[in-house]
Amino acid sequence: MPHEQKTIYDLRGLKCPLPVLKTRKRMESLAPGALIEIETTDPLAVIDIPHFCNEDGHRLEEATPVAGGHRFLIRKKA
């Protein structure tokens with residue numbers, strides 16, 4: 001679904017645990033099944049974001065390294 005609408009959330013520059021805390025807070029306002037793309041420079045995000053998705057029941061659709069960090073595409077649980 002390359003043209004599916006998603007929320008973009010820039011979390012670059014934030015350190016653990018802020019990327020997960022801010023993502024969790026932002027996702028509260030999203031509809032079930034919505035996509036959110038986050039970008040972070042926190043090196044621990046590669047551990048924290050997948051763990052957060054698993055714990056909260058969201059689906060991590062993609063985790064991609066980017067210059068200086070990572071980009072994550074998360075689908076909110078239905």
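How many disulfides does the structure hold? The structure holds zero disulfides, a disulfide being a pair of cysteine sulfur atoms within 2.5 Å.

This is a predicted model, in which local features need pLDDT of at least 70, side-chain atom pairs count only at pLDDT 80 or more, and totals for chains, interfaces and linings use all residues. Residues are numbered from 1 along each chain as its sequence is written, and side-chain values use heavy atoms, with hydrogens and water left out.

**Stop 1**

Select Cys-16. Cys-16 is partly exposed, with a relative accessible area of 38%; here buried means under 20%, exposed over 50%, and partly exposed in between (1.4 Å probe, protein chains only).

Step on to Pro-17. The peptide bond from Cys-16 to Pro-17 is cis, with omega near 10°. Most peptide bonds are trans. Pro-17 belongs to the loop between β1 and α1; helices (H or I, at least four residues) and strands (E, at least two) are DSSP runs, numbered from the N terminus.

**Stop 2: helix α1**

Select residues 18-27, which make up helix α1. Colour Pro-19, Val-20, Thr-23 and Met-27, which are buried. Looking down the axis of α1, you will find these buried residues within an arc of 95°, so they line one face of the helix. The arc is taken from the directions from the helix axis to the C-beta atoms. An α-helix has 3.6 residues a turn, so residues three or four places apart point the same way.

Now show what covers that face: β1 (6-10), β2 (35-40), α2 and β4 (69-75) are included.

**Stop 3: Arg-26 and Tyr-9**

Select Arg-26 and Tyr-9. The charged end of Arg-26 sits over the ring of Tyr-9, 4.4 Å from its centre. The rule asks for NZ of Lys or CZ of Arg within 6 Å of the ring centre and within 35 degrees of the ring normal.

**Stop 4: Cys-53**

Go to helix α2 (residues 45-56), where Cys-53 is placed. Is Cys-53 buried or exposed? Cys-53 is buried, with a relative accessible area of 2%. Beyond its neighbours within four places in sequence, Cys-53 is in contact (heavy atoms within 4.5 Å) with His-58, Leu-60 and Ile-74.
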